[in-house]
Each structure stands twice: as structure tokens, then as C-alpha cells.
Amino acid sequence: MKSFDPVTLATPLFILTVILEIVLARFRVVKANYETKDTAASLVMGLFSTLSSLPVAGLVVAAGLWAYQHRLFTISMGSPVAWVAIFFLEDVTYYWFHRLSHERRFWWASHVNHHSSQHYNLSTALRQTWTGGIAGTWLLWIPLTLLGFPPAMVAIEKGISLVYQYWIHTEAIRRMPRWFEAVFNTPSHHRVHHARNPRYLDRNYAGILIIWDRMFGTFQPELDEEACRYGLVHNLGTFNPLRVAFHEWIGIAQDIVRSPRHILGWMFGPPGWSPDGSRDTSASLKAAWAERQTAPPERESALVP
Amino acid sequence: MTPTPVRAQLAGRGRTPLNQALFTQLAFSGLAVAILVGLAAWASIAKSAPPLDDDRARRILGEEFPGKTLDGLWVAVDGMGALAKSGGMALVLCRLGDGFVARQIPWAQALAASFKDGRISIDLTDVAAPRAVIALPSWPPKGPQKNLAA
């Protein structure tokens with residue numbers, strides 16, 4: 001049987017739509033900004049992300065097969081109900097994977113590169129991790145196989161989710177119809193997710209359905225009065241793909257060497273955690289932002305104009 | 001016995017269908033990347049990023065370090081960066097592509113930066129942004145710093 005990989009099938013579409021977005025932006029038909037080195041970094045990250053997954057591919061497949069051998073039920077790939085079920089279950093799994101990838105530094109170290117561009121365009125979608133296999137987040141999908149979904153079914157659904165999330169990395173589409181915005185992840189919702197404004201940090205973790213963010217309290221709509229500023233809280237000072245891929249891992253290692261007794265905090269605390277609280281976390285940035293919103297005007301006037 | 005593809009691969013006898021497909025896919029993907037990067041360069045659709053002046057540097061520093069007061073501000077002669085003093089800290093702004101990278105370091109660390117050929121090179125002690133290079137007429141600043149926060 002020939003393998004079915006949605007991502008491989010969609011690759012020509014990725015290339016054609018990036019071309020389309022650039023050309024349409026060039027003639028000012030749509031809004032999009034592309035900086036040459038930034039684009040190169042994103043695409044090189046995407047190119048080598050496939051290769052970087054190969055060393056652990058065997059382990060991932062073996063784990064999936066082992067889990068399937070110990071499954072609770074046997075679910076047929078031919079069942080439409082099973083496909084509906086895997087759609088929802090995979091999507092909620094993705095939500096928690098994505099939330100974990102933002103809220104705990106060990107997994108953020110793998111995911112940070114996807115957020116490291118100061119741009120938001122279709123090439124940003126391709127700025128994929130090189131260290132996802134090592135981070136082990138693929139383990140989160142194993143319970144689906146233990147439940148009885150065939151590993152191939154889980155892999156296909158993961159691929160469909162990844163392909164869906166490609167088109168939402170754009171400023172060319174402002175808003176989708178209201179009903180669509182209410183249910184699905186959209187360019188507007190995902191712009192918020194990529195923004196570094198304190199108000200927008202750690203919001204909209206959705207894969208395909210935005211309903212999970214609404215259910216679990218992490219939804220934030222894009223506001224017309226606050227334009228998204230993209231990138232990281234502390235942006236990278238380089239376009240070097242090696243530094244893009246590994247800087248946070250190196251940062252963790254440096255912190256552990258500096259202060260080994262705080263190893264658990266360095267590894268599994270929120271990004272920006274430090275023993276003395278001297279660094280910025282999303283929570284501290286949000287708190288400071290909220291405090292500034294309620295600050296009396298005379299205090300504001302003393303700030304940098 | 002005819003060697004299987006796996007045996008041939010292990011024996012290093014030519015390319016198997018698997019690694020040939022991988023190689024072909026990688027080659028085409030590499031070509032596509034080159035074309036897309038070339039197209040992005042041709043399109044010239046980066047964000048507008050005029051050189052920094054005092055006002056623009058203040059605005060960006062205000063966004064990057066909200067709530068910080070500026071005791072002194074030095075904007076690069078080429079507008080590609082800026083350095084500000086805020087209490088005991090130095091706020092560093094450095095151009096990257098069509099955007100800026102900001103970091104906060106102890107003021108003493110900024111004062112200790114090497115100055116050569118009209119540029120200061122500041123060690124930011126950060127693997128994600130190791131060094132900032134800013135073109136200034138002189139460094140360190142001489143005499144009392146003018147208060148630019150007013």
C-alpha cells in the first residue's frame with residue numbers, strides 16, 4: 001500500500017502559495033512583508049526539519065507500533081465515525097502539545113524557532129523545528145494509539161492538521177466570516193499567537209479548532225486598536241539557522257552549568273524563569289502590562305514618550 | 001544471490017530507491033528555496049525601516065522597555081542602532097534586517113565595550129544575540145550626560 005502523507009502532497013501548494021503571496025504583495029494587492037534573509041532562514045529551517053526528524057523516526061514508529069500492539073480497542077480506518085473521532089482527539093492533543101511547548105522551557109526550546117521571525121507570512125509557517133524528536137512531544141499522541149487508532153491514522157490526521165495550519169500564517173487575510181472565526185483557527189487568531197505584545201502572549205494555541213482555547217481560557221481575539229508585533233519577547237540577533245535552531249537549548253545548558261541546583265526550574269519552569277525572578281516570563285510581562293493600564297496618567301507621563 | 005537494496009546500501013553499492021528519493025526530494029526542495037529567496041529579494045517588500053533618529057529610537061525603546069525612563073540616549077551615526085542609559089542599565093537597540101533587536105545589560109558592561117574605528121562592540125552575553133555593533137562618534141561618553149528623559 002502506498003503511504004499517504006498530507007504534508008508531502010501539499011508541498012507544491014506551499015511553494016506556489018508563497019510565490020503567490022510575494023507577487024501579490026509586490027503589486028500591493030495583498031499585505032505581506034518579506035525580508036530576504038528572514039525568508040531564507042525560515043525556508044532553510046523548513047528544508048532541514050524533515051531531515052532532522054529522521055534520527056528518531058525509527059523510535060517514533062516503534063513506539064507507535066508497540067502502543068498499537070497493546071491497544072484497548074480495535075478501531076477501523078474504514079470507519080467514518082473513527083475519522084470524526086480522531087479529528088477531535090488529535091486536535092485537542094495538539095492544543096495541549098502546543099500549550100506545553102509554550103509554557104515549559106524544555107519544550108519551548110524546540111518550538112521557539114517557529115516564533116523567531118519578526119515577520120508573519122507563509123514562509124514563517126515553514127520555519128519548523130529541528131529538535132522536535134529529541135524533545136519527545138510525539139509521546140503525547142501515543143495514547144491515541146493505545147486507545148486503538150492505527151498509527152497510520154494518527155499520522156495522517158497530524159499531517160492534515162499541519163497542512164491546515166499552513167495557510168493561517170498570513171497577513172493577507174484580515175478576517176474570515178464570523179461563524180468561521182468562532183469555530184476554526186484563522187489567520188487573525190494565529191496572528192495573535194505569533195505576537196509578542198504582552199496582551200497577546202501565550203494565547204490561541206489551537207491547531208484547527210479555536211474552540212479549545214475558548215474552552216480552556218486561552219482565547220484572545222485580535223484587536224484593531226493593538227496591532228500585532230511579531231517575534232520573540234527577546235528577538236534573535238541573527239538569521240543563522242543553527243543559532244535559530246539551538247539557541248534556547250544552549251541557553252538551558254548555560255543556565256544549568258551556572259547554577260546546577262536549579263536544574264528543574266531551568267528545564268521545566270516557564271520560559272524566562274530564573275531563581276531570583278530577575279528575568280521576564282509571560283506571566284510577569286502580562287502583569288506589568290496590566291499594571292501599566294491602570295497606572296495614573298501623571299505616572300505615565302514620566303515614562304519614555 | 002542478488003543483493004537486496006538494503007544489503008546493497010549496507011555494502012555501499014550505489015544508491016537505493018530510498019536514499020535516491022530522499023536525495024532527489026532534497027535537491028528539488030533546495031532549488032525551490034533558492035527560487036523563493038530570489039523572488040523575495042526581487043520583490044523588495046521588506047518593512048519600511050528608515051534609519052533611527054532620536055524620536056524613532058525613543059519610540060522603539062518605549063515599546064521594548066515599557067516603563068523605563070531614559071537618562072541618556074546615543075543614536076548611531078548611521079541610524080542602525082542606539083544605546084540608552086536607564087538607571088544602572090544600558091538599553092541596546094540594534095538593527096537586524098528590517099527590524100530591531102533589543103537587549104538590556106548592566107551599564108558597566110556597556111561602558112566596558114570596546115571602541116574601534118568609530119564603532120562600539122558590545123558583548124551582550126546572550127547566545128541568541130551575542131554582540132551589538134553600534135557606530136558612535138566616541139565611547140565612553142565624556143562629561144556629564146544630558147538628561148534626555150525630560
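Which strands of chain B does α3(B) lie across?

1. Basis of the note. This is a predicted model, in which local features need pLDDT of at least 70 and side-chain atom pairs count only at pLDDT 80 or more, while totals for chains, interfaces and linings use all residues. Residues are numbered from 1 along each chain as its sequence is written, and chains are lettered from A and ligands numbered from 1 in the order in which they are written.

2. Chain B in outline. The secondary structure of chain B comes to four helices and seven strands, where helices (H or I, at least four residues) and strands (E, at least two) are DSSP runs numbered from the N terminus. Read from the N terminus, the elements follow the order α-α-α-β-β-β-β-α-β-β-β. Of the 150 residues in chain B, 31% are buried; a residue is called buried if 20 or more other C-beta atoms lie within 10 Å of its own, exposed if 12 or fewer, and partly exposed in between, with the C-beta atoms placed from the backbone.

3. The four-stranded sheet of chain B. An open sheet has the strand order β1-β2-β3-β4 in chain B, with antiparallel pairing, and two strands are said to pair if DSSP finds at least two bridges between them. The edge strands are β1 and β4 of chain B, each of which pairs on one side only. Neighbouring strands of this sheet are turned by 15° against each other on average, direction ignored. As for the opening question, α3(B) lies across β1, β2, β3 and β4 of chain B and runs at about 120° to β1(B); such angles run from 0 to 180 degrees between N-to-C directions, and the axes are lines fitted to C-alpha atoms, for helices over the stretch in contact.

4. Strand β1 (residues 72-75) and strand β2 (residues 81-86) of chain B pair in the antiparallel sense over four bridges. Within this pairing, Gly72(B) has Lys85(B) as its bridge partner in β2(B), and Val75(B) stands opposite Ala82(B). Five residues lie between the two strands, and in this hairpin Gly79(B) takes a positive phi near 70°.

5. Where the chains meet. The contact takes 32 residues from chain B and 33 residues from chain A, two residues being in contact if their C-beta atoms, placed from the backbone, lie within 7 Å. On the side of chain B that touches chain A, α2 (17-43), α3 (54-64), β3 (89-96) and β4 (99-106) each supply at least two residues, and the largest share, ten residues, comes from α2(B). By class, this side of chain B divides into 20 nonpolar, seven polar and five charged residues, where Ala, Val, Leu, Ile, Met, Phe, Trp, Tyr, Cys and Pro count as nonpolar, Asp, Glu, Lys and Arg as charged, and the others, Gly among them, as polar.

6. Helices α2(A) and α13(A). The axes of α2(A) and helix α13 (residues 241-258) of chain A come within 9 Å and cross at roughly 65°. The two helices are therefore roughly perpendicular to each other, a term that covers angles of 65 to 115 degrees, whereas those under 35 count as roughly parallel, those over 145 as roughly antiparallel and the rest as oblique. Ala41(A), Val44(A) and Met45(A) of α2(A) make the contact with Pro241(A), Val244(A) and Ala245(A) of α13(A), and these residues divide into six nonpolar, no polar and no charged.

7. Backbone details to check. Arg28(A), in the loop between α1 (6-26) and α2 (36-52) of chain A, has a positive phi near 55° although it is a residue other than glycine; with 9 C-beta neighbours inside 10 Å, Arg28(A) counts as exposed. Thr125(B), in the loop between β6 (119-123) and β7 of chain B, likewise is not a glycine and has a positive phi of about 45°, and with 13 C-beta neighbours inside 10 Å it counts as partly exposed. The peptide bond from Trp139(B) to Pro140(B) is cis, with omega near 0°, and Pro140(B) is found in the segment after β7 (131-135) of chain B.
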